[in-house]
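Subject: Structure handover

Hello,

Here is the structure I promised to pass on. Please open it beside this email and follow along.

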Amino acid sequence: MAKKKLKGEVVSDKMQKTVVVEVERIKQHPKYKKRFKVHKKFKAHDEKDEYKVGDKVIIEECRPISKDKKWKVIKKV
């Protein structure tokens with residue numbers, strides 16, 4: 001099975017080897033058909049601490065690295 005990849009923006013880089021990435025997607029209300037944005041934050045592994053707040057990045061699903069970290073940063077967009 002292919003690994004999931006998501007695109008988002010780094011919102012925090014205060015932890016060691018970890019960044020928080022906020023992913024935004026557009027949902028549609030089932031009845032009223034209005035579109036709206038939904039945000040979700042993911043903790044992602046950043047081995048070299050190279051990504052800073054504001055960077056647009058791609059994250060990929062991986063094995064659990066810690067309790068909350070199940071994603072790693074692939075590259076900057």
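Predicted model: local features only at pLDDT ≥ 70, side-chain atom pairs only at ≥ 80, totals over all residues.

Which residue in β5 is the bridge partner of Glu 61? It is Trp 71.

**The barrel**

Five strands close into a barrel. Their order is β1-β2-β3-β5-β4, and the pairing is mixed. On average, neighbouring strands of this sheet are turned by 50° against each other, with direction ignored.

Let's go around it, pair by pair.

- β1 covers residues 5-12 and β2 covers residues 18-28. These two run antiparallel and are joined by three bridges. Val 10 has Val 21 of β2 as its bridge partner.
- β3 covers residues 35-45 and pairs with β5 in the parallel sense, over two bridges. Ala 44 stands opposite Trp 71 of β5. His 45 has Lys 72 of β5 as its bridge partner.
- β5 covers residues 71-76 and pairs with β4 in the antiparallel sense, over five bridges. Besides the pair you began with, Glu 60 has Lys 72 as its partner in β5.
- β4 covers residues 56-61 and runs antiparallel to β1, with five bridges between them. Lys 7 is partnered by Ile 58 of β4. Lys 5 stands opposite Glu 60 of β4.

Lys 72 is the partner of His 45 and of Glu 60.

β1 and β2 form a hairpin with five residues between the strands. Look at Lys 17 there. Lys 17 takes a positive phi near 60°. Keep Lys 17 in mind, as it returns below.

**The salt bridges**

Side chains of opposite charge can pair when their charged atoms come close. How many salt bridges does the count come to? The count comes to five. Here are three of them.

Lys 17 and Glu 47 form one, with their closest N and O atoms 3.1 Å apart. This pair links distant parts of the chain. Lys 17 sits in the loop between β1 and β2, Glu 47 in the loop between β3 and β4, and 30 residues separate them. Lys 17 is partly exposed, at 37% relative accessibility. Glu 47 is partly exposed too, with a relative accessible area of 45%.

Lys 37 and Glu 24 form another, at 4.0 Å from N to O. Lys 37 is in strand β3 and Glu 24 in strand β2, 13 residues apart. Lys 37 is exposed, with a relative accessible area of 55%. Glu 24 is partly exposed, at 43%.

Lys 76 and Asp 55 also form one, and their closest N and O atoms are 3.6 Å apart. Lys 76 lies in strand β5 and Asp 55 in the loop between β3 and β4, so the pair ties together parts 21 residues apart in sequence.

**Asp 55 up close**

Is Asp 55 buried or exposed? Asp 55 counts as buried because its relative accessible area is 13%, under the 20% cut-off. A polar atom of the Asp 55 side chain lies 2.9 Å from the backbone nitrogen of Lys 52. Leaving aside neighbours within four places in sequence, Asp 55 is in contact with Gly 8, Glu 9, Val 10, Glu 50 and Lys 76. Asp 55 and Val 11 are 44 residues apart in sequence, yet 8.4 Å apart in space, C-alpha to C-alpha.

Now move to the loop between β4 and β5, where you will find Lys 69. Lys 69 is buried yet has no salt bridge. Which side chain of opposite charge is nearest to Lys 69? It is Glu 47, 7.4 Å away. Glu 47 is the residue that forms a salt bridge with Lys 17.

What does the side chain of Lys 69 touch instead? Its side chain makes a polar contact of 2.9 Å with the side chain of Thr 18. A polar contact of 3.1 Å joins it to the side chain of His 45. Beyond its neighbours within four places in sequence, Lys 69 is in contact with Lys 17, Thr 18, Lys 43, Ala 44, His 45, Arg 63 and Pro 64.

Best wishes

Key: Residues numbered from 1 in each chain as written. Heavy atoms only, no water. Pairing = 2+ DSSP bridges. Helix = DSSP H or I, 4+ residues; strand = E, 2+ residues; numbered from the N terminus. Buried < 20%, exposed > 50% of the residue type's maximum accessible area, 1.4 Å probe, protein only. Lys, Arg positive; Asp, Glu negative; His and termini not counted. Polar contact = N/O pair within 3.5 Å; in protein donor to acceptor, adjacent residues only side chain to side chain. Contact = heavy atoms within 4.5 Å. Axes fitted to C-alpha atoms, helices over the stretch in contact; angles between N-to-C directions.
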